[in-house]
Amino acid sequence: MEKLIFNCFIGCCLLYSLLPVHGKPLSCNETPYPHVCKHYVVTTNTLSTLDAPSSSFHDVALKVTVDQAMELYKLVSNMDLNNFKDKRAKSAWEDCLELYEDTLYQLKRSANSNNLNDRLTWQSASIANHQTCQNGFTELNVPSHLNYFPNMLSNFSKLLSNSLSLSKAMTLTSLSSTKQNGGRKLLSDGFPSWISHSDRRLLQETTSKADVVVAQDGSGNYKTISEGVAAASKLSGKGRVVVHVKAGVYKENIDISRTVKNLMIIGDGMGATIVTGSRNAQDGSTTFRSATFAVSGDGFIARDITFENTAGPQKHQAVALRSGADHSVFYRCSFKGYQDTLYVYANRQFYRDCDVYGTVDFIFGDAVSVLQNCNIYVRKPMGNQQNTVTAQGRTDPNENTGIIIHNCQITAAGDLKAVQGSFRTYLGRPWQKYSRTVIMKSALDGLINPAGWSEWSGNFALSTLYYGEHANTGAGAGTGGRVNWGGFRVLSSTEAVKFTVGEFLAGGSWIPGSGVPFDAEGTQNAVLQVVGFVFPCLKDTLFLLSTELQGSIDPYP
């Protein structure tokens, strides 16, 4: 009883923590679910494990969420599998087990990080995991099996949202302080600690020294990519590990775990090195598990390779590539499929000079993702379908996630071009309530429907989504006939800058290390980049002017 009284006293004190945000202290009252916050902060043993005077309220709230994630993972691990005799239900449960284990990892590293952008990213990934677990049962038509899960699922979802909202509040305060101090550089002079200086040009080299070589003809160390990755995983932790996959068609499904970090896979070119599979929802895979190639390890890089899923449009969800790898980069890669081709699942991702093929929702997920200088090819769907390029999955307004398409081309693939007038094609539709997609400075061909965007289901998310367009060109770029939704907007240059690689992805702090060229500020000329750095007040004007220019910035002047 004495311990409970002590916890209640400290809890009440922490509800009015000394950490101010915009002149207002953070407390449970500033979270989306204050009653849940107060219940857990006051009644759990979390307070006794923290030095209350020196810990911020945010630390306490996040520690509560970590503790509940640990409890949830234990409960899911020990569930009675007799309740999951149905093969599909068991498959969805297995996804959940992996996803909640990863959620615990993401939350723990958030709690141990002082970088607010990291915290936002990793907590957003935790929310994606929680949602994906539930999605699996729905996709496989066994939603009733969710009733066997612990009753704490609902409260855990609210704890995730509360912790994220506090991190977002702290981030806004930090950004305000940064602006008062003159802002930050968009391009970093240094390199992340997880990558060596010599890696800067690794993706630019015509020949790279490989640690492991995969070749079907036996001329390498291994004949399958799975074997090559397994060998490379034993070298993980010793710096960048390079796997060269020689030309060939590799029919296998690959899943690179979170523990395999800083792995780079180099092929012999798009269309030369091909990884192919055909898992799909119709045949019993969850969308999450249908990926031909899946990767979760931080710092992953792929170059000159094709990832494809050949299941076809009639099989519905069938992923070619799923990435949950933080700071992952895909350079000169091709992603081929129909529905759900490219799964930008979670964390920070950058795609440059890539080709993406598909029909329905074929760029989708809840990552912090930017596609730059890419070709997006819309394929011919089934007769009763319409095409939607994107389906972004942001479920919480405080997530820092979104799909940004910058300086790309959206056009019809060969099989659609002759009959594109027979099918409606849209830029996207809202998979989740706070779906966020921005398309800027891209060439949109005439196949794009004048409305631009499509509903998911009736009025769902139309006022809460964030869909933006800026400075696009082409027959499909006109915004005069666009949807009249509360969440749609034509962006000014000032608004568009927020979604460039340098701002949205914080790419200047980590992409240079990969060696991939990128346009950090949305400008297309190195002179403008320099002028914008010397005269920050001109940055927005330069961004707008750069619309008229072509080319790309050399990140290594």
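The largest cavity in this predicted model has a volume of about 80 Å³. By the rule used here, there are 3 cavities of 30 Å³ or more.

**Ground rules**
- Residues are numbered from 1 along each chain as its sequence is written, and side-chain values use heavy atoms, with hydrogens and water left out.
- Local features need pLDDT of at least 70, side-chain atom pairs count only at pLDDT 80 or more, and totals for chains, interfaces and linings use all residues.
- A cavity is a set of points, on a 1 Å grid over the protein atoms alone, where a 1.4 Å probe fits but cannot get out; lining residues have an atom within 4 Å of a point.
- Grid points are joined across faces, edges and corners, and a volume is the space filled by probe spheres set on the points.

**Largest cavity**
- The lining consists of A128, Q131, T132, N135, Y343, Y345, G365, D366, G393, T395, W431 and Q432.
- Helix α5 (residues 116-139) gives the most to this lining, with 4 residues; helices are DSSP runs of H or I with at least four residues, strands are E runs with at least two, and both are numbered from the N terminus.
- Domain 1 (24-173) and domain 3 (359-525) each supply at least three lining residues; the bounds come from an automatic or database domain assignment.
- By class, the lining has 4 nonpolar, 7 polar and 1 charged residues. Nonpolar covers Ala, Val, Leu, Ile, Met, Phe, Trp, Tyr, Cys and Pro; charged covers Asp, Glu, Lys and Arg; the others, Gly among them, are polar.

**Second largest cavity**
- C37, Y40, V41, A61, V64, T65, L159, N162 and S163 form its lining.
- Two or more of these residues come from each of α2 (34-43), α3 (57-77) and α6 (153-180).
- The classes are 6 nonpolar, 3 polar and no charged residues.

**Helix α5**
- Of its 24 residues, 19 are buried (under 20% relative accessible area; exposed is over 50%, partly exposed in between; 1.4 Å probe, protein chains only). α5 is therefore largely enclosed by the rest of the structure.
- N115 caps the N-terminal end, with a side-chain oxygen 2.9 Å from the backbone nitrogen of N117.
- After α5 comes N141, whose phi is positive, near 60°.

**Loop residue N400**
- N400 sits in the loop between β21 (387-392) and β22 (402-406).
- N400 is buried, with a relative accessible area of 13%.
- Its side chain makes a polar contact of 3.0 Å with that of T121 and another of 3.2 Å with that of S124.
- A polar contact is a pair of N or O atoms within 3.5 Å; within protein, one must be able to donate a hydrogen and the other to accept it, and residues adjacent in sequence count only if both atoms are side-chain atoms.

Note on methods: On a 1 Å grid over the protein atoms alone, a cavity is a set of points where a 1.4 Å probe fits but cannot get out, and a pocket is an open set with protein on both sides within 12 Å along at least five of seven lines; lining residues have an atom within 4 Å of a point.
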